[in-house]
Amino acid sequence: MDVLQAVKTYTTKMVSNPNAIKVLLLDTHTTPIISLAFTQSDLLAHQVYLTDLIDNPRRDKMPHLKCVCFLSPREESLEAMRAELAEPRYGEYYLYFSNVLSKSSIERLAEADTYEVVREVQEFFADYAPLLPSLFSLFHQPSTDTPLYGSNLGTWHAEALDRSVQGICAVLLSLKKKPLIRYERMSGMARKLGFEIQKWIQTNDTLFDFRPTQTPPLLLILDRLNDPVTPLLTQWTYQAMVHELLNIKNGRIDLSTVPGITPDLKEVTLLPQTDPFFRDNLHANFGDLGESLKAYVQVYSAKSSSTTAIESVEDMKRFVEEYPEFRRLGGNVSKHVALVGELSRIVGRDTLLEVSEVEQGLAGSGAGHAGDLRSVQTLIASPIPPPNKLRVAILYALRYQKHSGNAIPAVVESLQKHGVLEDEAKLVYAMLNMAGADQRQGELFESENIFSRGRSALKGLKGVENVYTQHSPLFSQTLDLLLKGRLKESNYPFLDSNTSAGPSQAAPPNSAALQRPQDVIIFMVGGTTYEESRAIALLNKELESQSQSQFGSGGGTRILLGGTCVHNSSSFLQQIASALPSLPSSLTSPPTHTPSTSQSNALTPALNLQLGGINVSVGGPAGTGVYRSNGEGVGIQADGLRDGVRNLIGKVRQGVENVRLQ
């Protein structure tokens with residue numbers, strides 16, 4: 001399931017015919033699709049000597065050339081194509097569309113072709129951005145002009161829904177998959193999207209007439225608002241870090257504002273398919289990246305030294321043959337040195353190490369409410385950029401929304417006192433109302449119950465890369481359960497294949513549906529992240545390794561990730577902010593109070609174990625701790641569930657160390 005190869009295959013077919021010098025016409029939607037899958041050298045190798053936009057009125061007439069058009073089937077592109085056919089600039093036209101073309105659109109194109117210059121019309125389903133082999137995007141960065149949400153929370157904007165259905169179905173067709181569909185139960189948008197995809201597949205059933213597989217593919221639709229934490233965190237792996245701090249747009253990065261940047265590096269491309277250093281290091285953490293870059297520079301330095309020793313005709317021939325590769329290597333080294341240097345400068349300027357440590361604590365095990373609150377207040381009062389203050393405040397609010405002693409109003413007030421605009425500070429409340437504890441499905445934070453804290457402690461015993469990359473995306477747990485066959489249908493229902501049953505009905509799973517799927521496509525409504533993409537890439541590598549060791553060949557589970565867009569923290573906050581004008585104004589007010597866990601269960605311990613003369617209690621009127629059961633009230637009391645579990649795990653660790661020393 002390689003979306004990059006799928007789009008490249010489509011593009012190769014398009015530009016291979018006719019076998020003659022040709023022009024390639026694109027629109028604003030298909031241009032980035034082609035640029036992500038095909039290089040200029042690839043196009044030249046297929047005799048494409050000119051690439052232009054269909055709506056460019058200044059194109060010259062060249063009737064001796066053939067023209068290949070790759071366009072989206074949207075009205076503006078169809079209108080531009082009809083205008084082109086009415087006054088053709090080229091001798092022949094070969095038309096390819098990125099999605100299904102309606103019968104009426106075909107008829108209108110035929111009517112416009114009065115000179116009979118069209119030789120071919122086909123549908124090539126490349127209606128998405130293939131960012132990586134296991135990652136695709138639908139180009140939909142929500143804004144006030146292109147909204148994602150409807151007039152009510154949990155509903156789609158009609159155009160956004162149609163765009164998502166078309167894009168996902170193009171992915172399915174390009175990979176030749178007809179999947180079962182599961183969705184996140186608490187997400188109305190995930191359910192609606194799944195229903196519309198199912199209806200689209202049934203309407204175009206002849207397109208999905210693929211050879212059936214023993215285990216059907218699975219499309220799992222998730223909602224970004226069920227995990228608002230992942231896109232808010234500072235990133236420390238190369239690709240994710242570049243996107244967070246510099247913004248990757250269609251494989252390009254604007255470095256024009258970087259101090260002292262040279263003219264040839266003001267805009268650079270960063271694509272793994274054309275950049276071997278980036279391909280090998282896109283998932284490397286920042287520390288390892290520095291070592292890899294040092295070695296890369298040393299390789300270039302060694303090659304540079306060898307070019308100075310030209311003492312014979314043979315040396316000259318060797319230099320001429322190797323010069324293009326040498327020059328390309330030099331440009332690539334300069335690009336990555338500039339990128340890593342700018343990342344390092346921003347990390348120091350914005351004290352991101354300190355910020356990230358607090359973020360990881362809030363997203364993970366943390367230091368307890370009092371300690372986390374102190375850290376958050378200290379950061380907000382410090383001279384870091386306002387967006388970083390806002391992110392930390394939102395993480396604190398999400399983490400401690402149900403804590404009886406939370407200081408969310410005080411944190412919001414502190415934001416406004418320390419440089420964050422009032423409208424931006426209200427995003428704290430907007431996030432709680434849109435993605436707070438009452439709206440989410442499952443456990444987002446590790447301390448929400450004793451069992452998730454146990455999982456966190458065990459993860460800590462195994463070790464992590466470093467304190468800045470402790471966080472694991474929420475959907476990693478979902479995938480783990482899915483691959484083990486333990487993903488509850490009550491939480492992730494199957495979509496009924498009978499559309500008349502309506503989107504709220506779940507299909508009774510058959511034996512095939514209950515098997516571990518071989519192909520899994522995950523789509524994140526509201527955008528995915530490069531951190532999640534990294535998790536998928538590493539998991540695919542692990543699954544492939546397991547398959548090789550067990551079967552000696554491929555055939556294991558393959559996972560593909562996609563989203564309406566790929567977020568960094570800025571774009572995610574912008575998505576929330578742009579949605580607010582069309583949603584009820586109450587979303588920017590503090591959520592209505594709901595009893596916290598500690599209050600609603602104040603009279604009943606969450607866990608109560610009687611061990612002989614000892615009582616272990618978590619929660620309840622006596623607090624969390626270990627007590628004598630004779631009524632004397634003497635015991636070791638901890639400050640709530642968090643510290644109680646930490647002390648318990650600490651005693652376990654201490655016991656393990658004592659055993660090792662004996």
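Author: Start with helix H4, residues 75-86. H4 lies across strands E1, E3, E4 and E5. Its direction is about 160 degrees to that of E4. This is a predicted model, so read every value below as computed from it.

Now the sheet under discussion. It is an open sheet of five strands, in the order E2-E1-E3-E4-E5. The pairing is parallel. Strand E2 (48-53) and strand E5 (118-123) stand at the edges. Each has a single partner strand, so one side of each is left without a neighbour in the sheet. From one strand to the next, the twist averages 20 degrees.

Look at one pair inside this sheet. Strand E3 covers residues 62-71, and strand E4 covers residues 90-97. They pair in the parallel sense over seven bridges.

H2 lies across strand E1 (22-26), E2 and E3. It runs at about 95 degrees to E3.

H2 also meets a helix. Two packed helices are described by the angle between their axes and the distance between the axes. For helix H1 (residues 3-16) and helix H2 (residues 30-37), the axes come within 9 Å. They cross at roughly 105 degrees. An angle of 65 to 115 degrees counts as roughly perpendicular, and that makes H1 roughly perpendicular to H2. On the H1 side, the contact is made by Leu 4, Val 7, Lys 8, Thr 11 and Met 14. On the H2 side, Ile 33, Ile 34, Leu 36 and Ala 37 take part. These contact residues divide into seven nonpolar, one polar and one charged. An α-helix has 3.6 residues a turn, so residues three or four places apart point the same way.

Pro 18 sits in the loop between H1 and E1.

Now compare a second sheet. Six strands form an open sheet in the order E6-E7-E14-E12-E9-E8. Here the pairing is mixed. Strand E6 (129-132) and E8 are the edge strands, and each pairs on one side only. The twist averages 25 degrees from one strand to the next.

Two of its pairings can be followed in detail. Strand E8 (residues 180-183) pairs with strand E9 (residues 218-223) in the parallel sense, over four bridges. Ile 181 stands opposite Leu 219 in E9. E9 also pairs with strand E12 (residues 519-525), again in the parallel sense, over six bridges. Leu 222 has Met 524 in E12 as its bridge partner.

Helices go with this sheet too. E8, helix H7 (residues 188-203) and E9 make a left-handed β-α-β unit. Helix H19 (residues 475-483) lies across E8, E9, E12 and strand E14 (558-563). H19 runs at about 150 degrees to E12.

Phe 139 has a positive phi of about 65 degrees although it is not a glycine. It lies in the loop between strand E7 (135-137) and helix H6 (158-175). At 21% relative accessibility, Phe 139 counts as partly exposed. Lys 176 also has a positive phi, near 60 degrees, and is not a glycine. Its place is in the loop between H6 and E8. Lys 176 is exposed, with a relative accessible area of 54%.

Further along is helix H17, residues 427-435. Nine of its nine residues are buried, so H17 is largely enclosed by the rest of the structure. Among them are Leu 427, Tyr 429, Asn 433 and Ala 435. The buried residues pack against helices H14 (386-400), H15 (408-417), H16 (422-425) and H22 (569-579). Ser 414 lies in H15. It is buried, at 14% relative accessible area.

Last, the whole chain. It has 24 helices and 19 strands. Of its 662 residues, 49% count as buried. Among contacts with a separation of 6 or more, 76% join residues 24 or more positions apart.

Definitions and conventions. Residues are numbered from 1 along each chain as its sequence is written. This is a predicted model: local features need pLDDT of at least 70, side-chain atom pairs count only at pLDDT 80 or more; totals for chains, interfaces and linings use all residues. Side-chain values use heavy atoms; hydrogens and water are left out. Two strands pair if DSSP finds at least two bridges between them. Helices (H or I, at least four residues) and strands (E, at least two) are DSSP runs, numbered from the N terminus. A crossover is right-handed if, with the strands pointing away from the viewer, the path from the first strand over the helix to the second runs clockwise. Axes are lines fitted to C-alpha atoms, for helices over the stretch in contact, and angles run from 0 to 180 degrees between N-to-C directions. Angles under 35 degrees count as roughly parallel, over 145 as roughly antiparallel, 65 to 115 as roughly perpendicular and the rest as oblique. Contact means heavy atoms within 4.5 Å. Ala, Val, Leu, Ile, Met, Phe, Trp, Tyr, Cys and Pro count as nonpolar, Asp, Glu, Lys and Arg as charged, and the others, Gly among them, as polar. Buried means under 20% relative accessible area, exposed over 50%, partly exposed in between (1.4 Å probe, protein chains only).
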